[in-house]
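Reader: Walk me through the terms used for this model. I want to know what backs each one.

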Amino acid sequence: MRIWPSRPSRVFLIHNLMTTNPRMLELQGIAVSPGVAIGKAIVFDREGYSIARCLISRSETQKEWERLVEAVGRAHHALGLRGKQTTDTWGSDLGGIFSAQQQLLLDPHVRSEMEHLIKDNLYAAEYAVSEVFAKYAAAFRKASSSFLAERAADVRDVEQTLLEALTGKPTQTLKEIPHEAIVVSHDLTPGETASFDTEKVLAICTEAGGPGGHTAIVARGMEIPAVVGVGNFLHNIRSGDEVIIDGHLGRIFVSPDLPTRERYLKRRLARETIFTELSELKDLPAETSDGVHVELMANVEFPTETQTCLARGADGVGLYRTEFLYLGHEKEPTEEEHYQAYQQVLRDMQGRPVVIRTLDLGADKMGMTRPIEPENNPFLGLRSIRLSLRNPALFRVQVRAILRAASSGNCWIMFPMVTTLDEYRSAKFLLRSVADDLTCEGIRIPANIKVGMMVEVPAAVLMLDRFIEEIDFVSIGTNDLTQYTLAVDRSNDSVADLYQACDPAVLRLIKQTHEITSKHGKSTSVCGEMSNNPAYALLLVGMGIRSLSLAPSTIPVIKKAIRSVTLGQCEAIAWRALRLGTAREVDAFLMNQLAGLVPEIVLQA
Amino acid sequence: MITRLVTVQNPEGLHMRPADKLVRAASGYQCQIELERCGQVADCRSMIGLLTLGAPQGTQLTLRAQGPDADLAIEAISRLFDSQFDDH
């Protein structure tokens, strides 16, 4: 006897077909900025062009290749025309560049690589073009001679011309987002993220990147959800696809099915409700239920963020990053530009402390004035305070502006990445000499400006008892402290999982720092990513830390966590956590404790 | 295979326009033409290959050609180097 499929299962099948989208793709990345966003994707190639990274079927390869060959012809013609026009206007010196660019376009290696990608790897023509040219642009950028590095721009020019010939329309850049959209890209440079139109970006999602990267920091500053480190997936998504970004769990859904979509619409609504509840805590102090006060300060990237700080009830600005002044600009900022940025924040914060951190960039990001030899290990290279001390003229401009602005509020100055006592003394010496100059010019400088340093290099922790007499405060930057303690590049996808701020080694360094500063009556704040996680915040309070500096948007959640526990509970957490042997054990233990003590917050995530 | 040593004499080195001229010249011959700098070999018809040599003024390069018109090609290419690519 044959068994026929029963009717109900058929009905079930039809129901399934109607509600699930077979194209739905679910991906997991690293959640770096909380929230839920639902919207249309806009896909950006790493050079800022919108590229559909799609594959074609084998039967289409010949046609696709011919399409590319025709486009190369059109691009060649376009470059020739541009060359002729330029020569007519500016002479052959400049016009000749376009003739040379034509050779780049016709380069046999470029051509055979594109042919291989299309015919063997089934890349769409645009995808092949962007892969091959991006590879050469990157190779040129890394080259040691500045002549070759400049050729990267020529390669990009040619790429752009060819893409325009292929698509028949001008290539898109990041600044021109047409409507509200979720930005999807391989990676975003700090300059690119800084140039976002904040009105139009709903969320950010990148293939590369880690928890401490710039995308993460900027997304939190903009209070939009972000997921990074997703791995290769751009070939599965194109601009216009619907996407859900879950910034709590690090999940991404491309072309979500109906049930998923509805679930997330509900989640978004629930989140908005909890947000309202949390915002009612705004004017209540961050105190444990037995009355121990914890100062909650805000990390700020842009001067405009002070409004968010005040709205979230921040006690001050614990970390004012000044890098935005240098990034995304062609020229170095003038003293006046520095001054305006600092004065605005100091004034807006109305007497609350504002800790201004001097330049904390790598030499690789500062290419605007001088060509700098590429470094093998930029994180161990000329960056941050080292770069400032090496360029006293540049450093003086920033310090002058800070000191001039100081009388507008409660100004603290902090030097980043201090490794040796010599560095700290040199920085302070320069500060004093700038202050003397200003006094001679008749500019009033408040007498009680506090000067301190970031603790983010293990050497500084080991030597802190020698630093302590000469500093007013320290702020522990857990991102770099973790990176330098564990020898992990946090933006390197292959080792990003080793980057764990809760590693026992990092916890010991934090503990040691606090023991030394508290013995000498100096304040210690923690300003890394760690402070943004409620479970870690409770651990830090248990370890004796009484000041945390975090993204303005997470202040309400951390306040809620602190108000839900006693100091004794936090100390018990710290006692136990410091006796565990691995980051995984610490993390599991902390999450478990949080779930027991403040379940509302865990549910929210 | 014919080999000859050539020197980059023009002040700007083997930059965009000289490389452009080399590619155009090399494209007129049937033979394989290569330039080598310290073990790094570039196809003389590849703009990217030539640029990647990153040869500044004074660099000595090994020019090699193999094929039916190799001797003519070597002559023409080394003349380009000697005339500083007509690029003063």
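**Strands and helices, term by term**

Author: B:Leu5 stands opposite B:Thr62 in β4(B). This is a predicted model: local features need pLDDT of at least 70, side-chain atom pairs count only at pLDDT 80 or more, and totals for chains, interfaces and linings use all residues. Residues are numbered from 1 along each chain as its sequence is written, chains are lettered from A, and side-chain values use heavy atoms, without hydrogens and water.

Reader: How do you know that β1(B) and β4(B) pair?

Author: Pairing requires at least two bridges found by DSSP between two strands. β1(B) and β4(B), residues 60-66, share six bridges, in the antiparallel sense. So they count as paired.

Reader: What makes β1 and β3 of chain B edge strands?

Author: The open sheet runs β1-β4-β2-β3 in chain B, with antiparallel pairing. β1 (2-7) and β3 (40-43) each pair on one side only. The twist averages 25° from one strand to the next.

Reader: Why is α19(A) called oblique to α20(A)?

Author: Helix α19 (residues 534-542) and helix α20 (residues 555-563) of chain A pack at about 50°, with axes 9 Å apart. Under 35 degrees is roughly parallel, over 145 roughly antiparallel, 65 to 115 roughly perpendicular, and the rest oblique. That angle therefore makes α19(A) oblique to α20(A).

Reader: Which residues of α19(A) and α20(A) meet?

Author: A:Pro534, A:Ala537, A:Leu538 and A:Val541 in α19(A) touch A:Val557, A:Ile558, A:Ala561 and A:Ile562 in α20(A). Contact means heavy atoms within 4.5 Å. The contact residues divide into eight nonpolar, no polar and no charged.

Terms used. Axes are lines fitted to C-alpha atoms, for helices over the stretch in contact, and angles run from 0 to 180 degrees between N-to-C directions. Helices (H or I, at least four residues) and strands (E, at least two) are DSSP runs, numbered from the N terminus. Ala, Val, Leu, Ile, Met, Phe, Trp, Tyr, Cys and Pro count as nonpolar, Asp, Glu, Lys and Arg as charged, and the others, Gly among them, as polar.
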